[in-house]
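Try each task before you read its solution.

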Amino acid sequence: MFDLKGGWNLSFAGCGFLGIYHIGVASCLLEKAPYLVKGATKLYGASAGALTASVLASQASITTCCEDVIAVAKEARKRNLGPLHPSFNLVKVLRSGLSRDLPSDAHILASGRLCISLTRVSDGQNVLVSQFGSKEELIQALICSCFIPIYCGLIPPSFQGVRYVDGGISDNLPQSEVKNTITISPFSGESDICPKDNSSSFHELRFTNTSIQMNLGNMYRLSRALFPPEPKVMAEMCQSGYKDALRFLEDNNLLMLERPAAGPALPDPPADCCCRHAETTREWVLRRLRLVGKQHWWLDEQLVLPTHIKKVFCEACQGKAGLYATVSETLPMRVASYMLLPYTLPVQSAYSVAQRLVEWIPEVPTDVRWLFGVAGDVYRHAWRGAPAASDGDPCLRKCLSSPPTVEHNNFVEKDNLPAFSALDLHSDYWDVLSSSPSSSSQHQLSPSPSPRQVCFFVGTEDEPHE
């Protein structure tokens with residue numbers, strides 16, 4: 001039983017295009033137990049999970065968020081290389097969608113409650129940010145949390161003057177170890193709300209605090225995280241999130257806490273369901289055939305997705321395509337497009353690079369200064385690491401001699417000289433003379449062959465002085 005007396009948090013895992021699973025979970029929580037969202041102390045999120053957490057924290061429309069996820073997936077699937085095509089700019093699409101969907105006071109509603117997981121570029125440490133001065137700062141933090149190096153670009157974005165990348169690299173499920181944190185992940189594992197695969201595998205992968213069971217279902221989900229599936233598959237993922245959240249609420253008896261006054265009326269729906277006529281196999285087959293003819297199976301009353309989410313997927317899949325889109329989707333045209341890819345890709349890449357350069361002009365000074373700073377740090381690090389001593393050199397603990405100051409023909413006696421630390425002799429070159437056992441009482445030093453190379457005697461502090 002999940003105890004809510006001491007407060008609770010919600011944590012959404014990063015998952016790329018599997019964020020549609022979080023949409024199903026969020027729609028179930030808002031419909032069946034809205035108090036879990038409104039009364040949560042903190043809403044944590046990384047990458048795509050941060051987008052869903054920001055929608056809940058800012059009280060934006062979950063339906064609009066679902067429409068945007070499907071639109072981004074369809075835009076990526078238009079190209080032969082998918083989201084890896086040079087003309088697909090994920091950062092630009094995310095920025096425009098967040099600017100359009102988030103309310104104007106989103107930063108006020110999210111500050112202090114929404115915690116976004118970021119990975120700092122300078123040292124790779126995880127950072128949780130929860131204070132936003134404006135809506136643009138909130139959007140910038142979300143973009144930093146979703147920025148996958150090379151996949152989204154080469155130069156990482158900045159938030160409040162510091163460069164960050166995808167928060168899932170350092171902590172994909174923030175604060176999952178904190179008590180009373182409801183963890184949500186689209187990968188089957190040990191999270192509170194996650195798919196339950198029928199697998200006999202006991203092997204588990206821990207990826208930056210995210211539990212991922214080693215099975216075929218998770219391997220398929222991982223492949224779809226960066227390469228979006230078609231809308232029908234996304235509808236199944238969204239429905240899976242809704243069902244998993246509903247199962248969590250039922251198992252922990254969290255469905256009855258919203259309106260305790262309506263307790264006497266709750267037993268009616270189960271009684272109605274029990275008295276409902278059981279559907280035979282023939283009736284089920286006929287109903288499915290009618291749905292196939294309508295080409296939107298998710299309008300089936302047996303499915304549990306909310307009505308407004310069903311309509312979003314219905315419109316996404318039954319949308320009438322134009323003549324050009326219909327012809328380009330045929331098999332001969334697709335084969336021809338792949339065969340012409342070596343000739344068309346350079347032209348499209350050149351156009352995309354030129355377009356991005358134009359958009360990059362306002363940020364050129366800041367990015368160039370950052371690149372020069374990174375290059376300087378790398379150069380200084382390489383310069384300091386160049387004079388590395390070999391493992392066979394003796395370790396100098398105490399130096400009992402100093403460089404000669406008068407003439408090189410004079411002998412140096414160790415009893416008349418102060419001790420010097422070996423750390424102070426990094427600018428000089430010293431040769432260690434091996435002494436025989438018979439000459440342990442008196443050591444004689446030979447003249448130095450050069451002004452910067454001097455012979456010295458090495459001993460320890462505990463060695464007796466004569």
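**Exercise 1. The second largest pocket**

How much space lies in the second largest pocket?

Solution. Begin with the ground rules. This is a predicted model: local features need pLDDT of at least 70, side-chain atom pairs count only at pLDDT 80 or more, and totals for chains, interfaces and linings use all residues. Residues are numbered from 1 along each chain as its sequence is written, and side-chain values use heavy atoms, with hydrogens and water left out.

Step 1. Know the term. On a 1 Å grid over the protein atoms alone, a pocket is an open set of points where a 1.4 Å probe fits, with protein on both sides within 12 Å along at least five of seven lines. Grid points are joined across faces, edges and corners, and the volume is the space filled by probe spheres set on the points.

Step 2. Read the volume. The second largest pocket holds about 1100 Å³.

Step 3. Find the lining, meaning residues with an atom within 4 Å of a point. It has 32 residues, and Asn89, Cys152, Gly153, Ile155 and Arg356 lie nearest the centre of the pocket.

Step 4. Sort the lining by class. There are 17 nonpolar, eight polar and seven charged residues. Here Ala, Val, Leu, Ile, Met, Phe, Trp, Tyr, Cys and Pro are nonpolar, Asp, Glu, Lys and Arg are charged, and the others, Gly among them, are polar.

**Exercise 2. Who builds the pocket?**

Which helix gives the most to the lining of the second largest pocket?

Solution. Step 1. Define the elements. Helices (H or I, at least four residues) and strands (E, at least two) are DSSP runs, numbered from the N terminus. The protein has 16 helices and 13 strands.

Step 1. α5 (90-101), α15 (341-360) and α16 (364-384) each supply at least two lining residues.

Step 2. Pick the top one. α15 gives the most, with seven residues.

Step 3. Domain 1 (9-256 + 305-323) and domain 2 (329-372) both give residues to the lining, so the pocket lies between them. The domain bounds come from an automatic or database domain assignment.

**Exercise 3. Buried or exposed?**

Is aspartate 244 buried or exposed?

Solution. Step 1. Buried means under 20% relative accessible area, exposed over 50%, partly exposed in between (1.4 Å probe, protein chains only).

Step 1. Apply them to aspartate 244. Its relative accessibility is 6%, so aspartate 244 counts as buried. Aspartate 244 sits in helix α9 (residues 231-251). Leaving out residues up to four places away in sequence, aspartate 244 touches Tyr21, Ile193, Cys194 and Pro195; contact means heavy atoms within 4.5 Å.

Step 2. Take tryptophan 8, in the segment before β1 (9-12). At 12%, tryptophan 8 is buried.

Step 3. Take tyrosine 338, in helix α14 (residues 331-339). At 41%, tyrosine 338 is partly exposed. Tyrosine 338 and leucine 81 are 257 residues apart in sequence, with their C-alpha atoms 9.6 Å apart.

Step 4. Take isoleucine 150, in the loop between α7 (135-146) and β5 (158-159). At 70%, isoleucine 150 is exposed.

**Exercise 4. Positive phi**

What is phi of glutamine 160?

Solution. Step 1. Recall the background. Most residues other than glycine have a negative phi.

Step 1. Read the angle. Phi of glutamine 160 is near 55 degrees, a positive value.

Step 2. Locate the residue. Glutamine 160 lies in the loop between β5 and β6 (162-166). With a relative accessible area of 55%, glutamine 160 is exposed.
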